[in-house]
Amino acid sequence: LVVLIVVVGGITRLTESGLSITEWKPVTGTIPPLSEEQWLREFERYQQIGEYRHITGPAGMTLDDYKFIYFWEWLHRLLGRIIGLAFFVPLVWFWVRGAIPRGYKPGLVGLLVLGGLQGVFGWFMVRSGLSEEVTSVSHFWLSIHLLTALLTLALLVWTALNLIALSRDPQARPARLTGVTAWTSAILFIQLLLGAWVAGLDAGHASDTWPLMQGRFVPEYDQSNGFWWAVTHDPFLIHFLHRWWAWVAVAALIVLARHARKAGDRQASVAVHVAFGVQILLGIATVVTGMALWVAVLHQLVGALLVAATAYAAHAVGRRA
């Protein structure tokens, strides 16, 4: 479900659907507009924001066009609610039955809180784009929203593997975070952060060639506000960093995969290699196809699977008797 919501979130971003619902109604928002009058009311709210006034409105958006983008944002929010229920209801059930192993309750509650924060961060992201002046959400809030989802995915995989190990051996202890795992996670985090900024700034359109950008290795970018401002705001530089920092991440993942294999888990090693290999190819394909929707969506999907594979390998390295 978390992988699915990451994919739908990618579609929502790529179709510019994220600002189609201008209110946050955690309960009543589950039901979409059912009458023409309700649809017109929602459309009128959307017409008040900058995205419509400066981009979609002048492009000739119709009510049917609006319904299309509304669907993706509504589905994204609906999946968030489903994930919350899919975690909360069984948690309460197993808690009442006394079936949760000793020491796991705080971690499971923490995962529930993290899921709730994800919804809050999502609303802050949407709210950052709800004004007449701006035409898109903050790429900083978008990165917080996406990275929280990927962190949740990694922790779910880690927790599940701990519980599987415990079910096989009542004496098994939770896996530990090793040095190689921490370094790999930090390097991968930077790559994921850059990828989120690429999405938030539409920086994927900065170049449709690979390996060069604008016919040169390092593209021209805005240096008027200093290098560090450009690192966090300029789409050309962020695109450049994302495409080349990927190779640093690959090197780190290879080291992690080798450690997982030495620890006796060849499957984890294979999973990491396959995930980053496919991800690199999809990243290049996304660029050269000019951000073709389904290629870009597949790139985000495999990115989530790479995070899961990394958590799998990290757990293999950190297993304890």
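Predicted model: local features only at pLDDT ≥ 70, side-chain atom pairs only at ≥ 80, totals over all residues.
Residues are numbered from 1 along each chain as its sequence is written, and side-chain values use heavy atoms, with hydrogens and water left out. Local features need pLDDT of at least 70 and side-chain atom pairs count only at pLDDT 80 or more, while totals for chains, interfaces and linings use all residues.

**Salt bridges**

Let's start with the charged side chains. A salt bridge here is a side-chain nitrogen of Lys or Arg within 4 Å of a carboxyl oxygen of Asp or Glu. Searching the whole structure turns up ten of them.

| Pair | N to O distance | Residues apart |
|---|---|---|
| Asp 202 and Arg 13 | 3.4 Å | 189 residues |
| Arg 45 and Glu 23 | 3.6 Å | 22 residues |
| Asp 265 and Arg 319 | 3.5 Å | 54 residues |

Where do Asp 202 and Arg 13 sit? Asp 202 is in the loop between helix H7 (179–200) and helix H8 (227–233), and Arg 13 is in helix H1 (residues 2–14), so the pair links distant parts of the chain. For exposure, buried means under 20% relative accessible area, exposed over 50%, and partly exposed in between (1.4 Å probe, protein chains only). On that scale Asp 202 is partly exposed at 36%, whereas Arg 13 is buried at 14%.

Asp 265 and Arg 319 also join distant parts of the chain: Asp 265 is in the loop between helix H9 (235–262) and helix H10 (266–288), and Arg 319 is in the segment after helix H11 (293–318). Asp 265 is buried at 9% relative accessibility, but Arg 319 is partly exposed at 40%.

Arg 45 comes from helix H2 (residues 36–46), and Glu 23 from the loop between H1 and H2. Arg 45 is partly exposed at 26%, and Glu 23 is partly exposed at 30%. These two also belong to a salt-bridge network with Lys 25 and Glu 42.

**Aromatic pairs**

Now for the rings. Rings of Phe, Tyr and Trp (its six-membered ring) pair if their centres lie within 6.5 Å; planes under 30 degrees apart count as stacked, over 60 as edge-to-face and the rest as tilted. By that rule there are 17 aromatic pairs. One of them is Phe 43 with Tyr 66, a stacked pair at 5.0 Å centre to centre and 25 degrees between the planes. Phe 43 lies in helix H2 and Tyr 66 in helix H4 (residues 63–96), so this pair ties together parts 23 residues apart in sequence.

Phe 71 is partly exposed at 38%, while Trp 72 is buried at 15%. Phe 43 and Tyr 66 also belong to one aromatic cluster with Trp 39, Tyr 46, Tyr 52 and Tyr 70.

Most residues other than glycine have a negative phi, and most peptide bonds are trans. Which peptide bond is cis? The one from Trp 210 to Pro 211, with omega near 10 degrees; Pro 211 is in the loop between H7 and H8.

Glu 16 has a positive phi of about 55 degrees although it is not a glycine. Glu 16 lies in the loop between H1 and H2 and is partly exposed at 28%. Met 291, in the loop between H10 and H11, likewise has a positive phi, near 65 degrees.

Methods:
Helix = DSSP H or I, 4+ residues; strand = E, 2+ residues; numbered from the N terminus.
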